[in-house]
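The following questions and answers concern a single protein chain. Please consult its sequence and coordinates alongside them.

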Amino acid sequence: MRRPYGLFLITGPTGSGKTRTGISILGELSRPEVNVLTVEDPVEYEIPGITQVQVNPQAGVKFADVLRAFLRQDPDIIMVGEIRDSETAKIATEAALTGHLVIATLHTNDAPSSATRLMDLGVDPANVSAALLGVLAQRLVRRPCPACSVERAPTEAELRGLHATAAELPMVRTGPGCPACSGTGCRGRTGVHELLEVDDDLRALISRRAPPGELAAHAATRGLASLREDGIAKIRAGQTTPAEIIALISEA
């Protein structure tokens with residue numbers, strides 16, 4: 001977030017909170033002397049002091065068109081609501097390589113797949129490796145209801161579904177449902193995250209188009225916690241339930 005230039009991606013399916021995370025980043029970075037521009041579809045959250053543009057394909061106003069216009073306005077930070085096509089991917093990457101911090105969302109299941117996705121969209125591997133700062137993959141999961149949830153030992157089926165052991169996950173928190181949670185046993189949501197930080201070794205792997213599995217294996221040696229691992233950590237902390245993380249693993 002504090003880097004002066006480069007590309008930072010936020011990934012996940014529709015409804016996983018990507019836009020909210022991007023807007024939260026801008027809220028941290030926005031100052032009167034910083035020129036922040038966003039292109040979104042639609043503009044979901046309005047932020048004072050930031051120029052926000054909504055695309056309108058029917059009127060010929062597309063992500064790539066707005067990005068080109070942005071680059072003539074000397075921006076410091078650009079947020080791209082979604083990288084959907086080759087043209088947008090290339091312009092966003094080039095902007096990151098020419099002195100701008102670009103924050104963008106992308107549809108991939110996990111963080112290591114994002115570099116491959118950009119290359120599939122036609123971005124040169126050397127440009128991806130040079131521009132990419134990091135990738136945050138995320139999902140939203142439900143929290144146990146604070147009124148009715150209790151701690152218990154996980155079932156064998158839950159441990160199998162989570163690919164976990166009893167030593168790794170001795171207790172879980174779930175609820176039978178009550179009026180406070182409308183009988184669901186859950187109330188509120190939290191995020192499960194996977195943060196991939198790009199180092200020199202990872203840049204070398206990306207530049208030779210290494211597959212996502214190889215990128216993930218290298219990142220794991222540097223401390224990358226996968227979505228599953230972060231989910232299990234949040235189950236241990238009582239912040240979500242086994243059913244929510246099992247559904248996340250099945251989806252991925």
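Q: How many residues does the largest nonpolar core have?
A: A nonpolar core is a set of buried Ala, Val, Leu, Ile, Met, Phe, Trp, Tyr and Cys residues joined through side-chain atoms within 4.5 Å, where buried means under 20% relative accessible area with a 1.4 Å probe, protein chains only. Leu-7, Leu-9, Val-80, Ile-83, Leu-118 and Ile-206 have the most contacts inside the largest one. A second, separate core of 16 residues includes Phe-8, Ile-23, Leu-29 and Ile-47. The largest core has 41 residues.

Q: In which element is confidence highest?
A: This is a predicted model in which local features need pLDDT of at least 70, side-chain atom pairs count only at pLDDT 80 or more, and totals for chains, interfaces and linings use all residues. Residues are numbered from 1 along each chain as its sequence is written, and side-chain values use heavy atoms, leaving out hydrogens and water. The average pLDDT (the predictor's confidence in each residue, from 0 to 100) is 94 for the chain. Among the DSSP runs (helices, H or I, of at least four residues; strands, E, of at least two; numbered from the N terminus), helix 10 has the lowest mean, 90, and the highest, 98, belongs to strand 1.

Q: Why is strand 2 largely enclosed by the rest of the structure?
A: On one side lie Val-36, Thr-38 and Glu-40, and on the other Leu-37 and Val-39, all buried. Strand 2 is largely enclosed because the number of its five residues that are buried is five.

Q: Which residue of strand 4 is the bridge partner of Thr-38?
A: Strands pair if DSSP finds at least two bridges between them; strand 2 and strand 4 run parallel, joined by four. The partner of Thr-38 there is Met-79.

How values were computed:
Buried means under 20% relative accessible area, exposed over 50%, partly exposed in between (1.4 Å probe, protein chains only).
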